[in-house]
Amino acid sequence: MPPRDLQHKEDIDAAQDATVKLAQALVRVPSVTPIDAKDYPAAQKSLDVAAAAGLKAGATATRQAFEGDHPKWDYKVENLVLEWSFGKPDKHICYIGHLDVVPPGDDAKWSDDPYGGRIEDGYLHGRGVTDMKGSVAAFISAIGEKLDELKASGNIKVTMILTTDEEWAAVNGTEKVLKWMKDKGEEPDAFIVGEPSSQDTLGSHIKIGRRGSLVGTFNVKGVQGHAAYQELFENPNRALSLAIAILNSKAWNDGNANFPDTNFEAVALKSGDFNASAIIPGEAQALWNIRFTPSQTPESLETWINDALANPPDWAKQHPDAALLKDVTVKANKDTASAPYYSAPGMLADSAKAAIKSTLGTDAKLDGSGGTTDGRFAAKLFPGAEIIELGLPERGGIPCGHKAQDYLSKGGMHQVDERASLDDLINLRKIFEETVSNYDRNKKPKAGPVAGPGRPPALG
Ligand SMILES: [Zn+2]
């Protein structure tokens, strides 16, 4: 009689799989980002588990701890680098990942111990399994599976950078390790960021960049008064709504087939009183968010907004409220903006697409949507390298024919009851195996692909 958490035949089979076992061992370590020193030992333990698996899979392991360099987020962070060298390497591929997790939140909301690593109904359950311990386990196991073949005929260097500070400040994590690699003279040709990269279905998308994000506000002071005597007062909603209309009317056209254009969104508006229909409000405020391509910078966007309001397009100049635009105060939070990157798809994207096709029979779409990741550091430090992001589905994976309820409301990354489908874990390992093999077999292109921040993505 199998234990309660292994009821299904396929669960029992999958639990024997090396990828699932390693993912489970990693999930069982409560490695919350060590902002608080009490969490440092658990973060170290997660690296111990990965290092042991890496050594077993033929890697050499190097540990590095960094601290300081930030007035507030100076906590100590330990990192692990696993390295494999096969044949006479003429290519270097580097996987970027993290073993820290966001806290589980209220334990009582979980169906089970968030760090229990329960296997049931075709899923491995636990905080961090999707984001992104399952992906780390899949990559280590993939190299382990391919070890004999790579030893016999490979000519490639494979590196894995595993940090324990991605979910918070990321001051002493991936960026520092990449700098250390650069100082050693290492120059990876390609990076795989193992973050969740598709919404529901494994392999439906490969990320080839991420837009940057700039948040800011518009503030307008008016003069409050009786709505029937509008000539005596000044309604700030007039200037605010015209300002938003001007910014929404801008067509950026700075993306490409795989990468969305820069986009302005007013995300929250505040003014007036919904219980007082006869009062012109005294002030109005908008919160906005611009997601931007590498063609823009936070500075260029701030300048553009101020220019657009000072010198609006012709249609807005004709508007009766045009003179009120001078009352709009613009604030752009440049200090908290995150940088974009775009990596033109090349040999690595081709290798991963072919691997997905042969493993799952599906065609992956390349895209640059989603939030920011440590991929931005690789783009900054190695602007000639190709970068893709490929990992588990963000929402925890399509149910494996068992329980479909609760999908969307729980089970995804950073949600309660985080989980990963066992099929997805095993298939992701196969995809990584083939991606590395395909990349190793392909001839190195003469010129490196265009990539990196500050360079416009190729239009087309
Ligand atoms: Zn992550």
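Me: Which residues in helix 7 do Ala243, Ile246 and Leu247 in helix 6 meet?
Reply: This is a predicted model: local features need pLDDT of at least 70, side-chain atom pairs count only at pLDDT 80 or more, and totals for chains, interfaces and linings use all residues. Residues are numbered from 1 along each chain as its sequence is written. Two residues are in contact if their C-beta atoms, placed from the backbone, lie within 7 Å. From helix 6, Ala243, Ile246 and Leu247 meet Ile305, Ala308 and Leu309.

Me: How many nonpolar residues does that contact of helix 6 with helix 7 have?
Reply: Ala, Val, Leu, Ile, Met, Phe, Trp, Tyr, Cys and Pro count as nonpolar; Asp, Glu, Lys and Arg are charged; the others, Gly among them, are polar. In the contact of helix 6 with helix 7, no residues are polar and no residues are charged, and the nonpolar count is six.

Me: How are helix 6 and helix 7 oriented to each other?
Reply: Helices (H or I, at least four residues) and strands (E, at least two) are DSSP runs, numbered from the N terminus. Axes are lines fitted to C-alpha atoms, for helices over the stretch in contact, and angles run from 0 to 180 degrees between N-to-C directions. The axes of helix 6 (residues 236-248) and helix 7 cross at roughly 120°. Angles under 35 degrees count as roughly parallel, over 145 as roughly antiparallel, 65 to 115 as roughly perpendicular and the rest as oblique, so helix 6 and helix 7 are oblique.

Me: Is the crossing of helix 6 and helix 7 left-handed or right-handed?
Reply: A crossing is left-handed if the near helix is turned anticlockwise from the far one by less than a right angle, and right-handed if clockwise. For helix 6 and helix 7, the crossing is right-handed.

Me: Which strands does helix 7 lie across?
Reply: Helix 7 spans residues 298-310. Its direction makes about 175° with strand 15. The strands that helix 7 lies across are strand 10 (212-221), strand 14 and strand 15.

Me: Which are the edge strands of the open sheet of four strands?
Reply: Two strands pair if DSSP finds at least two bridges between them. The sheet has the order 12-14-10-15, with antiparallel pairing. An edge strand pairs on one side only; here the edges are strand 12 (263-271) and strand 15 (328-332).

Me: How are helix 2 and helix 3 oriented to each other?
Reply: Helix 2 (residues 18-27) and helix 3 (residues 40-56) have axes 9 Å apart, at an angle of about 160°. Leu22, Ala25 and Leu26 of helix 2 touch Ser46, Val49, Ala50 and Ala53 of helix 3. From the angle it follows that helix 2 and helix 3 are roughly antiparallel.

Me: How are helix 2 and helix 11 oriented to each other?
Reply: Helix 2 and helix 11 (residues 422-441) pack at about 110°, with axes 9 Å apart. Helix 2 and helix 11 are therefore roughly perpendicular.

Me: Which residues of helix 11 meet Thr19, Val20 and Ala23 in helix 2?
Reply: The crossing of helix 2 and helix 11 is right-handed. Thr19, Val20 and Ala23 meet Leu422, Leu425, Ile426 and Arg429.

Me: Where does aspartate 121 lie?
Reply: Most residues other than glycine have a negative phi, and most peptide bonds are trans. Phi of aspartate 121 is near 55°, a positive value. Aspartate 121 is in the loop between strand 4 and strand 5.

Me: Which residue in strand 5 is the bridge partner of glutamate 120?
Reply: Strand 4 and strand 5 (residues 123-125) run antiparallel, with two bridges between them. The partner of glutamate 120 is tyrosine 123.

Me: Which helix holds methionine 132?
Reply: The peptide bond from aspartate 131 to methionine 132 is cis, with omega near -10°. Methionine 132 has its place in helix 4 (residues 129-153).

Me: How far apart do the C-alpha centres of domain 1 and domain 2 lie?
Reply: Domain bounds come from an automatic or database domain assignment. That assignment gives domain 1 (9-210 + 340-441) and domain 2 (213-336). Eleven residues from domain 1 and seven residues from domain 2 make the contact. The C-alpha centres of domain 1 and domain 2 are separated by 40 Å.
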